[in-house]
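Me: I have a structure open here and would like to go through a few spots with you. Could you keep the answers plain and spell out the cut-offs as we go?

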Amino acid sequence: MSYFFDAINRQLRAPKRQRVRHARAKAFQCVCGQPIFFSNTECLNCHRQLGFDPKRGHVLALDEGATPGTWRESGRARGKTYKRCANFTLPALCNWLLPAHSPETLCTACNLNRTIPDLSVLENGPLWFKVEAAKRQMIAQLMTLGLPIRRSEEPDDGGLAFDLLAPGADGAPLLTGHAQGLITINVLEADDAYRVKVREDMREPYRTLLGHFRHEIGHYYWDQLIAGGPWLEPFRQVFGDEQADYAQALQRNYEQGPPADWDLHFISTYASCHPWEDWAETWAHYLHMMDTLDTAISFGVTRMSVEQSYEPFTTASLYDPQDPEGQAFLDLVNAWVALTGVLNELSRSMGQRDFYPFVLPAEVVGKLQFVHRVVKGASTMRIPPQ
């Protein structure tokens, strides 16, 4: 079992006083005691510089290093020496760190960019800032899960790259999507008014920048982890035959809409149009679930303290009820259901849309279990030796 999943399950089950943060938990603290957060660049209390070390998954308080432009973790004069990502300045304001000796100038996340929007266009800077923030959050989660991340150097080499594009002056439509490891994101999705309009026009309950990234990276990992490998036949048993004509499936979805009983089998209407989209939507929701649970647990919020009556899912919902780790997975799902129920009520109390405007049917729980097993099988983050 990967270290992340082992740690998060232990924390769900442990009494509150015995909980211990796992190595890449979300609750950070400056050396002065002030709480600090993932995207912070400076402590508001002691004004130390801050940076995120992606290898450790921690935000660090920093002291200046021995040479200009280098940094060390505060209180560790002989520790590792860092330098900042070249995108530290505005508009990207990336707070990620690199080893000082690295020949690279961009961090792991920024180095994946193939194209960024034209920054001579004044409106593009603030949009790019938001897009990069969402991308860094996703890349950090992939690293926490131990999933392989490799920059693409040429088309179809199995690597990953991003085109972060703004529509041209001609007004031609620009679609977010994935093709052979290249993920294209329309940076207009970072404009709240544009994104809300599209969400309403498409009758979607949820549309966010982070959601786009998580959906499209799902397509990438289908190519890397499912296609042509031992998971392909089990995938077809759970999600259906991906060899069905994709263009026809999309056209049918847009012309006829989803099947009447889609909510019994899929997490969203879009998931119902083709097995590839079902996988990508389920994958995205799996990442939503894991990241939110990790954050909640890091701050001491678990289902143990949630008082809500609901019927927990049982092994009957799993695609593989015989999985010896099936109950541990169900613990995560049931914690997620309890947590989102409360968060939805909190959102309503503020007059906001539901935090998680979805209902998990039993069949989707089985699909989430499939994603879980694929992720764990691909994870490089193993339990450290005792």
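**Helix α3 and beyond**

Reply: On one side of α3, Ala193, Lys197 and Asp201 are exposed, where exposed means over 50% relative accessible area, buried under 20% and partly exposed in between, with a 1.4 Å probe and protein chains only. This is a predicted model, in which local features need pLDDT of at least 70 and side-chain atom pairs count only at pLDDT 80 or more, while totals for chains, interfaces and linings use all residues. Residues are numbered from 1 along each chain as its sequence is written, and side-chain values use heavy atoms, with hydrogens and water left out.

Me: Which residues of helix α3 are buried?

Reply: In helix α3, residues 192-201, the buried ones are Arg195, Val198 and Arg199. They fall within an arc of 100° seen down the axis of α3, so they line one face of the helix; the arc is that of the directions from the helix axis to the C-beta atoms. As background, an α-helix has 3.6 residues a turn, so residues three or four places apart point the same way. Helices here are DSSP runs of H or I with at least four residues, and strands are runs of E with at least two, numbered from the N terminus.

Me: What covers the buried residues of α3?

Reply: The cover includes α4, residues 209-225, with contact meaning heavy atoms within 4.5 Å.

Me: And what follows α3?

Reply: Arg203 does, with a positive phi near 55°, in a residue other than glycine. Arg203 lies in the loop between α3 and α4 and is exposed, with a relative accessible area of 75%. Between Arg203 and Arg214 there are 20 Å in space, C-alpha to C-alpha, although they are 11 residues apart in sequence.

Me: New topic, Glu277: where is it, and is it buried or exposed?

Reply: Glu277 sits in helix α7, residues 275-298, and is buried yet has no salt bridge, the nearest side chain of opposite charge being that of Arg207, 11 Å away. A salt bridge would be a side-chain nitrogen of Lys or Arg within 4 Å of a carboxyl oxygen of Asp or Glu; for charge, Lys and Arg count as positive and Asp and Glu as negative, while His and the chain ends are not counted.

Me: What does the side chain of Glu277 make a polar contact with?

Reply: The partner is the side chain of Tyr246, at 2.3 Å. A polar contact is a pair of N or O atoms within 3.5 Å; within protein, one must be able to donate a hydrogen and the other to accept it, and residues adjacent in sequence count only if both atoms are side-chain atoms. Leaving aside neighbours within four places in sequence, Glu277 is in contact with His215, His219, Tyr246, Tyr270 and Ala271.

Me: How many aromatic pairs does the structure hold?

Reply: There are 22 aromatic pairs. One of them is Trp336 with Tyr356, edge-to-face, at 4.9 Å centre to centre and 75° between the planes. Rings of Phe, Tyr and Trp (its six-membered ring) pair if their centres lie within 6.5 Å, and planes under 30 degrees apart count as stacked, over 60 as edge-to-face and the rest as tilted.

Me: Are Trp336 and Tyr356 buried or exposed?

Reply: Trp336 is buried, with a relative accessible area of 2%, and Tyr356 is buried as well, at 6%.
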